[in-house]
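Keep the sequence and the 3D view side by side as you read.

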Amino acid sequence: MSNTADSSAKARIVAGLLRDGNRVLLCHRSRRRRWYPDVWDMPGGHVEPGELPGEALARELREEVGIDITAPTAPPVHEVHTDTFDMQIWLVDAWQGSPVNAAPDEHDAIGWFTEDELGGLCLAHDSYLALFSRALARPRA
């Protein structure tokens, strides 16, 4: 029996729901992306082998939107489970730096959206709209 990773194992994904007042930051996935092309999504990505999810989130936010956060230790605010991936999502209210599109090969745009604007977007997952509404209604920590 081999100790190699099972190629059919679900991907472990982390994402940051960046909130600035009454807006959330989303990234538009390029039409060329193999998975979930041409939709708006939260910044994030894969957890590397041996990496803790909170550390992966901090790394992915630095790589994708050029900001630094403290790796979260609290549980995620939302999880998405599919046949191919398990995703943990953390609400992020504080960071250092200004978000930019630091991964133009993955995203062709980023933007801040109010709750009123979110309903008109093609989002990566059906649960996002309710998640964003809950997050925007929560008092800031």
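## Ground rules

Buried means under 20% relative accessible area, exposed means over 50%, and partly exposed is in between (1.4 Å probe, protein chains only). This is a predicted model: local features need pLDDT of at least 70, side-chain atom pairs count only at pLDDT 80 or more, and totals for chains, interfaces and linings use all residues. Residues are numbered from 1 along each chain as its sequence is written, and side-chain values use heavy atoms, with hydrogens and water left out.

Helices (H or I, at least four residues) and strands (E, at least two) are DSSP runs, numbered from the N terminus. Strands pair if DSSP finds at least two bridges between them. Start with β2. Six of its seven residues are buried, which leaves the strand mostly covered.

β2 runs antiparallel to strand β7 (residues 107-114), and seven bridges join them. There, V24 stands opposite F113 of β7. β2 is also antiparallel to strand β3 (residues 40-41), through two bridges. C27 faces D41 of β3 in the pairing.

β1 is a further antiparallel partner of β2, over two bridges. The hairpin of β1 and β2 has two residues between the strands. G21 takes a positive phi there, near 65°.

## The D20 and R23 pair

D20 stands opposite R23 in β2. Their side chains also meet in a salt bridge, at 2.8 Å from N to O. A salt bridge here is a side-chain nitrogen of Lys or Arg within 4 Å of a carboxyl oxygen of Asp or Glu. How accessible are these two residues? D20 counts as partly exposed, because its relative accessibility is 31%. R23 is partly exposed too, because its relative accessible area is 28%.

## The nonpolar cores

A nonpolar core is a set of buried Ala, Val, Leu, Ile, Met, Phe, Trp, Tyr and Cys residues joined through side-chain atoms within 4.5 Å. The largest one has 22 residues. Which members touch the most others? They are L26, M42, I89 and F132. α3 gives the most, with five residues.

Take M42 as an example. Contact means heavy atoms within 4.5 Å. Leaving aside neighbours within four places in sequence, M42 is in contact with A15, G16, L17, L26, I89, Y128, L131 and F132. Another core, of 15 residues, lies apart from the largest one. Its members include C27, L61, I67 and W90.

## Salt bridges around α1

The structure holds nine salt bridges. One of them joins E48 and R59, with the closest N and O atoms 3.9 Å apart. E48 lies in the loop between β4 (44-46) and α1 (53-65), while R59 is in helix α1, so the pair ties together parts that are 11 residues apart in sequence. Are these two buried or partly exposed? E48 is partly exposed, because its relative accessibility is 40%. R59 is buried, because its relative accessible area is 15%.

R62 forms a salt bridge with D68, and here the closest N and O atoms are 3.5 Å apart. R62 is partly exposed at 42% relative accessible area. D68 counts as partly exposed at 35%. Salt bridges that share partners also link E48, E51, R59, E60 and E63 into one network.
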